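Subject: Structure handover

Hello,

Here is the structure for you to look over. My notes on what turned up follow below.

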Amino acid sequence: MSVSKGLVDDVLFEFLHAELVSYVLNSSKDGKKGDVTSLEYIGFSSGYRIIERLTKEWPRFKDELETMKFICTDFWSSIYKKQIDNLRTNHQGVYVLHENSFRFLRKISSGRQYLEAAPKFVAFTCGLIRGALANLGLDCTVTAEIQQMPACKFHIQVQKN
Amino acid sequence: MATYYFLIVGHYDNPIFEMEFTSANRETKKEDHRHLTQFIAHAALDLVDEHAWKTGNAYLKTVDKFNNWLVSAFITSSHIRFLLVHEPKNEDGIRNFFSEMYEVYIKYSMNPFYQVDTDIRCAAFERKALFLARKYLTG
């Protein structure tokens, strides 16, 4: 994940991610095809570790909303080169991130043909968000909803205990 | 006769790195204060957390005082706490030491083989800590 303006890094990341998805899903254990859980976990540990580096210059966040705003702006732009298009919340721990043109879905043709295969390409990102929030002190579950390619919605539910 | 005891504390209040720095011109070692300084550092953890809630800064200056020992703290965005138990007051030096130590820690934590909240056992890390201490603390 590059924070520089290097051109090669973007393409490299997309190819690596596509290959990651393909590898994880094709590695069969006991004849059963691999599932997205390991892909999500890869995203989780990446997100967890990268937070230390990305929040270096930032002061600590006072509440959940500030943390979410950081995820939508700086975190997203350093990885996907753009900010989240819309953030909705019910102020009770549920946040929805609207992304009109998700990077990994842009290269797949829009239309209903590949809608079933699309969730595999967002699993890594769901884990990434979950890992980032976990290291910032928020335990949560992240799911993704794809209605229309390449738009995507990430539902974040913060656990309160 | 300046001694500094540096401690990095993980999320579960477990020490993941500790090191003691003393100034060079100390011929006789009178008493080993190690157990006392470790105790003081752990007792200060509650106060560190309290101060952390009040401010968004990473560097919390002096959070606790015990007899003539002062405890200074630095807390990262991911709630890893750096503590320093020291006798003399040296705010600028300590602030610089903490920021540079933070950079070293970031580089170390980016290693995919390092699991966060586990002990840091790395000769290069220790050497870096010693070098930074000589530069900013013991001088």
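Start with two helices of chain A. The model is predicted, and in it helix α2 (residues 36-54) of chain A packs on helix α5 (residues 119-135) of chain A at an angle of about 40 degrees. Their axes are 6 Å apart. The crossing of α2(A) past α5(A) is right-handed.

The contact residues on α2(A) are A:Val36, A:Leu39, A:Glu40, A:Ile42, A:Gly43, A:Phe44, A:Ser46, A:Gly47, A:Tyr48, A:Ile51 and A:Glu52. On α5(A) they are A:Lys120, A:Ala123, A:Phe124, A:Cys126, A:Gly127, A:Leu128, A:Arg130, A:Gly131, A:Ala132, A:Ala134 and A:Asn135. By class, this contact of α2(A) with α5(A) has twelve nonpolar, six polar and four charged residues.

**α3 against α5**

α5(A) also meets α3(A). The axes of this pair come within 12 Å and cross at roughly 130 degrees. α3(A) and α5(A) are therefore oblique to each other. Their crossing is right-handed. From α3(A), the contact takes A:Thr67, A:Met68, A:Ile71, A:Phe75, A:Trp76, A:Ile79 and A:Tyr80. From α5(A), it takes A:Thr125, A:Leu128, A:Ile129, A:Ala132 and A:Leu133. Ten of the residues in the contact of α3(A) with α5(A) are nonpolar, two are polar and none is charged.

**α2 against α3**

What is the packing angle of α2(A) and α3(A)? About 95 degrees, with the axes 12 Å apart. α2(A) and α3(A) are therefore roughly perpendicular to each other. On the α2(A) side, the residues that meet α3(A) are A:Ile50, A:Ile51 and A:Leu54. Their partners in α3(A) are A:Phe70, A:Phe75 and A:Ser78. The contact of α2(A) with α3(A) divides into five nonpolar residues, one polar and no charged.

**One residue to look at: A:Glu64**

A:Glu64 sits in helix α3 of chain A. It touches A:Gly93, A:Tyr95, A:Leu138, A:Val158 and A:Lys160, leaving aside residues up to four places away in sequence. A:Glu64 and A:Phe75 are eleven residues apart in sequence. In space, C-alpha to C-alpha, A:Glu64 and A:Phe75 are 15 Å apart.

The largest pocket has a volume of about 890 Å³. It is lined by 35 residues. The closest to its centre are A:Asn135, A:Leu136, A:Gly137, B:Ser78 and B:His79. Which helices each supply at least two residues of the lining? They are α2, α3 (64-80) and α5 of chain A, together with α2 (45-54) of chain B. α2(A) gives the most to this lining, with five residues. By class, the lining of the largest pocket has 15 nonpolar, eleven polar and nine charged residues.

**Cavities**

How many cavities of 30 Å³ or more are there? The count comes to four. The second largest cavity holds about 50 Å³ of space. Its lining has 13 residues. Nearest its centre lie A:Trp58, B:Ala58, B:Ile75, B:Thr76 and B:Ser77. The lining of the second largest cavity divides into six nonpolar, five polar and two charged residues.

Over to you.

Key
Residues are numbered from 1 along each chain as its sequence is written. Chains are lettered from A and ligands numbered from 1 in the order in which they are written. This is a predicted model: local features need pLDDT of at least 70, side-chain atom pairs count only at pLDDT 80 or more; totals for chains, interfaces and linings use all residues. Side-chain values use heavy atoms; hydrogens and water are left out. Axes are lines fitted to C-alpha atoms, for helices over the stretch in contact, and angles run from 0 to 180 degrees between N-to-C directions. Helices (H or I, at least four residues) and strands (E, at least two) are DSSP runs, numbered from the N terminus. A crossing is left-handed if the near helix is turned anticlockwise from the far one by less than a right angle, and right-handed if clockwise. Contact means heavy atoms within 4.5 Å. Ala, Val, Leu, Ile, Met, Phe, Trp, Tyr, Cys and Pro count as nonpolar, Asp, Glu, Lys and Arg as charged, and the others, Gly among them, as polar. On a 1 Å grid over the protein atoms alone, a cavity is a set of points where a 1.4 Å probe fits but cannot get out, and a pocket is an open set with protein on both sides within 12 Å along at least five of seven lines; lining residues have an atom within 4 Å of a point. Grid points are joined across faces, edges and corners, and a volume is the space filled by probe spheres set on the points. Angles under 35 degrees count as roughly parallel, over 145 as roughly antiparallel, 65 to 115 as roughly perpendicular and the rest as oblique.
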